[in-house]
Amino acid sequence: MPKPLKKQRVPMPEQDPKERIHNFNEVALGYTWELALEEASRCLQCPVNHAPCIKGCPVDVNIPGFIKKIREKDIKGALEIIHETNALPCITGRVCPQEQQCEMHCVMGKVGDKINIGKLERFVADEAKKMGIYPEVYIAPNNGKKVAIIGSGPAGLTAAADLVKMGYDVTVFEALHDYGGVLIYGIPEFRLPKEIARYEVEYLKSLGVKFIKNVVVGKTLTIYDILNDYDAVFLGTGAGTPNFLNIPGVNLKGIYSANEFLTRINLMKAFKFPEYDTPIKRGKKLAVIGGGNVAMDAARSALRIGYEEVYIIYRRTKEYMTARKEEIKHAEEEGVKFMFLVSPVEFVGNEEGNVKAVVLIMNELGEPDESGRRRPKPVPGTEFGLEVDAVVFAIGQRPNKVLYQEVPELKVTKWGTLIVDEKYRTTMKGVFAGGDAVRGEATVVLAMGDGKRGARAIDEYLKGEPWPEKIEPKNF
Amino acid sequence: MFEIMDKKVLAPNIKWIRVRAPIVARNAHAGQFVILRLHEKGERIPLTLFKWNEEEGYIELVFQEVGKTTYELGSYEPGDKIMDVVGPLGNPTPIQNYGTAVIVSGGVGAPIGYAVTRALKEAGNRVVSIIGFRSKEYVILEDEFKKISDELLITTDDGSYIRKGFTTDVLREYLENGGKADYVFTVGPVIMMKLISQITKEYGIKTDASLNPLMVDGTGMCGACRVTVGGEIKFACADGPDFDAHQVDFDELMSRLVEYRPEEKIALDKYMKGGC
Ligand SMILES: Cc1cc2nc3c(=O)[nH]c(=O)nc-3n(C[C@H](O)[C@H](O)[C@H](O)COP(=O)(O)OP(=O)(O)OC[C@H]3O[C@@H](n4cnc5c(N)ncnc54)[C@H](O)[C@@H]3O)c2cc1C
Ligand SMILES: Cc1cc2nc3c(=O)[nH]c(=O)nc-3n(C[C@H](O)[C@H](O)[C@H](O)COP(=O)(O)OP(=O)(O)OC[C@H]3O[C@@H](n4cnc5c(N)ncnc54)[C@H](O)[C@@H]3O)c2cc1C
Ligand code: SF4
Ligand code: SF4
Ligand code: FES
C-alpha cells in the first residue's frame, strides 16, 4: 500500500523572530536532508511536458526532474538538471516570488499545500556547495570573439555564464567596488548572504569570465570605447535610480532612498560602524514608504540596526502589496507595523533640519489603473501626523541614465527603460540589453531569463545574423 | 589597487597626491571627481580631479584632512595603495568662451577652481582668479594660478597675506570698480558660494557653483547627494556637480552636509586614538 500523501508542506526551520531582529544572519535556515526528503516525497511527479509548476517558472526549471533526483539522494544529478536552465539556484531558491511563479501552479494545491519548490531548489544548491559539487559544464573552445557585459547583477552574470560556455571571451564591467548588483547592495544579508553572490562570481571567474570593477560605463569608458574593443555588448545595468516624492520636507535629514539606506548597511557594512567607516543614523522610530520587497527589506534592516518602532506606510491595502508573501510574514513576525491606505503629504523637521514627523493622508480605493489594481484616492481632511526620526522611500526605481545620456543612438521609453526587440537588441547595432534596465524594477529570475536569451541572441548575431533595419519594441 | 606615486604637504592638513589610475585619466575633464575607498572597511569619499595625465596614466588630487578618511589618506605614503578609485564622475564643467570669466574659489575649493580655470583659459577666456584662504600658512597653488590667470586676486580672512577680507569682498570691489565678468564659477565652502551667488545675482551675471554634498556611490544610485535646484530635486553626482548658482538652495545643502557630524566625530576619535 502506498503511503497516503502528506498534505502539509514541511516547514523550513527559521531563526526565532525575537532573536533574529538583533542579527543579520539568514532567517530561513535551510532544509536538512531529512526534511528535504520528506518535502520531496510529497511531489506527484507530474510528467515533464505537462507539469504545471514548470509553466510558472520564468526559466523553465525541470522541477519534477530535480525533485526526483533529491528523492534518489543524487545531489549532483539534481544540480545538473537545475543548471540546464538556471545558473543561480542558491539565489533564486531564496528570492524568487515562488507563490506567483512555480508554486502558484502546483497541482498539490488542489488537495493540500503546494510543494515548497523554492526551498528544495535552495537545498540542492546549498548542499552541492557544501559538498563542493559543480555541475559538469562544457566550455566551447575560444572562438576569438569578445563580448562586454555592463553591470554584474543577475542579468549580466547569467549572460556572462552562457557566453563564456559558448566560447566567447567575456569581460564584465561593474561601476561599484563589488559584484552582484542588487544581490549585494540591495537584498540584505539575512535574506541572501553576500557570500553566495561572491561564490557565484568566483565560479564564473573559474570558467574564464573576466571582471573589472570601478568602471562606470558612460563616464570611465563610453559605450563607443567598448564597441571599439568588443564585438558585442550586453547592458545589464538595472534600474538603480531611486524615486522620491517631491513633497515639502523631502530633503530633510533622516530621509533616505531605500537604495541609500540599504547600500550603507549591506555594501558598506554600516551596521558594523565604527569598525567599518560608513555611518548610518540609528534612531527609535522609522517609517518606510512603499509595499514591495524593497520596503520589507528596509523595514527589517531598520529593526536590526536598532530602530524600536518601524512602520510600513502603504497607499493601497494589504492584498495589493507586491512583496513576496514570505517576506511580509517575516516582517509581521518581527514586529513591523503596517499602515494601509495612507500616503505621505509632507515631512516636518526640527530646528536642526532633521525629520521629526510625517504628515499622512487616508486613501480610499477608486477605479482600477492600467495594472488592474484599484487606484488610491486621498480623502480630503483626513491628514494626521506620525512622529519619526527617519524615513525611507521605497516607491520604485528607474534606470540610471548615466550610461546612455550621451548616446543618442540608444532609445529609451518614457519610463527611461531601454527599448529592445524580441531578441534583446537595442536601437544601437551590436548592443543588447536585459533585466531591470529594459523592464523597470522586476525580479531576479526575470533578469536571469533575459541574460540567457540575450546571450543566445548575441551568439546568433556574432554568427552572422544580420542586424534589423528597424527595432520592433518588445512590450514587457 | 591604485598606487600613490608621489605626495606633498601643501599647507597644514592640506595634501597633494599623484595616483596611478590610467583608466580614470583617459576620459577626465575639468570639474569631474573620483570616489575612492581606502581599504575593505573604508568609506567611499569624493575628491575632485586637480590634474591628470593620460599618457603617463595618473591623476592628482588635493585634499584637506577633516575627518577619519581624509586623515587616513593623509597618512599614506608613496608606494601605498588605495583599494578603489572610480571615475571620472559627474559632468564636466560646461566650458565655453564667455569673454571674461571670474573664478572664485575658497580654501580647498582652490584645486577644483584650478582645473576649471585652466579649461576656461584654454577655451579663450580672459580669466580672473579670486582665491581666498584662512591665513598665510593656508595659501596653496599660488604659482599654479599665476601661470594660468590673466588677473589673480588673493585674499586672506585675517589679512596675514596680501590683503584682509573674504572672497566676497574682493568680488564686490572688483565689480564695483568696473571689472568685467561675463561668467562666474564658484567653488568652496557652501556659505561662500551662497554669498558669491547673491552678489552675481545683483549684477545679473551667469554663475555656476560646484556643489559638494555627501555622496555614497557617485553614480546616481542612492540620492544621498540630492540638492534642490530651481525647486526640483537633483542628484549632484549625476546631474551636477555644477548648477546654476542662482537656483540652488544653499541653506538646505549646508544643513544636509552635517547630517553625520556625531558619527564622524566617533570615527575620527577612534582613528586618532590609534584604532583602525
Ligand atoms: C532591496 C531589493 C529587494 C529585492 N528583492 C527581490 C526579491 O526578493 N526577489 C526578486 O526576484 N527580486 C527582488 N528585487 C529585484 C531584483 O533584485 C532585480 O530585479 C534584479 O536584481 C535586476 O537585475 P539586473 O541584473 O537587471 O540589475 P541589477 O541587479 O540592478 O544590477 C545592475 C548592475 O549594473 C551596475 N551598473 C549600472 N550602471 C552601470 C554603468 N553605467 N556602468 C557599469 N555598471 C553599471 C550596477 O552597479 C549594478 O551592479 C529586489 C530589489 C531590491 C532593490
Ligand atoms: C564632488 C565633491 C568633490 C570634492 N572634492 C574635494 C577635494 O578636491 N578636496 C577636498 O579636500 N575635499 C573635497 N570634497 C569633500 C570631501 O569629499 C570630504 O572632505 C570628505 O568626504 C571627508 O571625509 P572624512 O571621512 O575625512 O570626513 P568626515 O568625517 O566624513 O567629515 C568631516 C567633516 O567634513 C565635512 N564634510 C564631509 N563630507 C563633505 C563633503 N562632501 N563636502 C564638504 N564637507 C564635507 C562634514 O561636514 C564633516 O563635518 C569633495 C566633495 C564632493 C561631494
Ligand atoms: S527559478 Fe524561481 S520560479 Fe523557477 S523553479 Fe526556481 S524558485 Fe521557482
Ligand atoms: S506541479 Fe507540484 S506536484 Fe506536480 S511536479 Fe510540479 S511540484 Fe510536483
Ligand atoms: S551619491 Fe548616490 S546618487 Fe549621488
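I148(B) is found in helix 4 of chain B, residues 142-148; helices (H or I, at least four residues) and strands (E, at least two) are DSSP runs numbered from the N terminus. The model is predicted: local features need pLDDT of at least 70, side-chain atom pairs count only at pLDDT 80 or more, and totals for chains, interfaces and linings use all residues. Residues are numbered from 1 along each chain as its sequence is written, chains are lettered from A and ligands numbered from 1 in the order in which they are written, and side-chain values use heavy atoms, with hydrogens and water left out.

**Residue I148(B)**

- I148(B) is buried, at a relative accessible area of 11% (buried means under 20%, exposed over 50%, partly exposed in between, with a 1.4 Å probe and protein chains only).
- Beyond its neighbours within four places in sequence, I148(B) is in contact with Y114(B), T117(B), R118(B), K121(B) and V127(B) (contact means heavy atoms within 4.5 Å).
- K121(B) is 27 residues from I148(B) along the chain, and their C-alpha atoms are separated by 6.9 Å.

**Domains of chain A**

- Chain A is assigned domain 1 (17-131), domain 2 (146-240 + 398-462) and domain 3 (244-395); such bounds come from an automatic or database domain assignment.
- The C-alpha centres of domain 1 and domain 2 of chain A lie 27 Å apart.
- Between these two domains of chain A, 20 residues of domain 1 are in contact with 20 residues of domain 2.

**Ligand 1**

- Ligand 1 is surrounded by 35 residues, the closest being V95(A), A155(A), E174(A), R191(A) and D436(A) (a residue is near a molecule or strand if one of its heavy atoms lies within 4 Å of it).
- The shell around ligand 1 has 19 nonpolar, 11 polar and 5 charged residues; Ala, Val, Leu, Ile, Met, Phe, Trp, Tyr, Cys and Pro count as nonpolar, Asp, Glu, Lys and Arg as charged, and the others, Gly among them, as polar.
- Domain 2 and domain 3 of chain A both give residues to this shell, so ligand 1 lies between them.
- Helix 13 of chain A gives the most to the shell, with 3 residues.
- An oxygen atom of ligand 1 lies 2.6 Å from a polar side-chain atom of E174(A), and a nitrogen atom of ligand 1 is 3.2 Å from a polar backbone atom of A175(A).
- A backbone N or O atom of V182(A) lies 3.1 Å from an oxygen atom of ligand 1.
- On its own, ligand 1 has 1000 Å² of accessible area, and the protein covers 96% of it (areas come from the Shrake-Rupley method with a 1.4 Å probe; for residues, only the protein chains shown count as cover).

**Ligand 2**

- Of the 22 residues around ligand 2, P46(B), V62(B), Q64(B), T70(B) and E264(B) come nearest.
- By class, the shell around ligand 2 divides into 13 nonpolar, 6 polar and 3 charged residues.
- Domain 1 (2-89) and domain 2 (100-257) of chain B both contribute residues to the shell, so ligand 2 lies between them.
- Strand 4 of chain B gives the most to the shell around ligand 2, with 4 residues.
- A nitrogen atom of ligand 2 lies 2.9 Å from a polar side-chain atom of T48(B).
- A polar backbone atom of G67(B) is 3.2 Å from an oxygen atom of ligand 2.
- Taken alone, ligand 2 exposes 850 Å², of which the protein buries 88%.

**Ligand 4**

- The residues surrounding ligand 4 include C43(A), C46(A), C53(A) and C106(A).
- The shell around ligand 4 has 10 nonpolar residues, no polar and no charged ones.

Conventions
A polar contact is a pair of N or O atoms within 3.5 Å; within protein, one must be able to donate a hydrogen and the other to accept it, and residues adjacent in sequence count only if both atoms are side-chain atoms.
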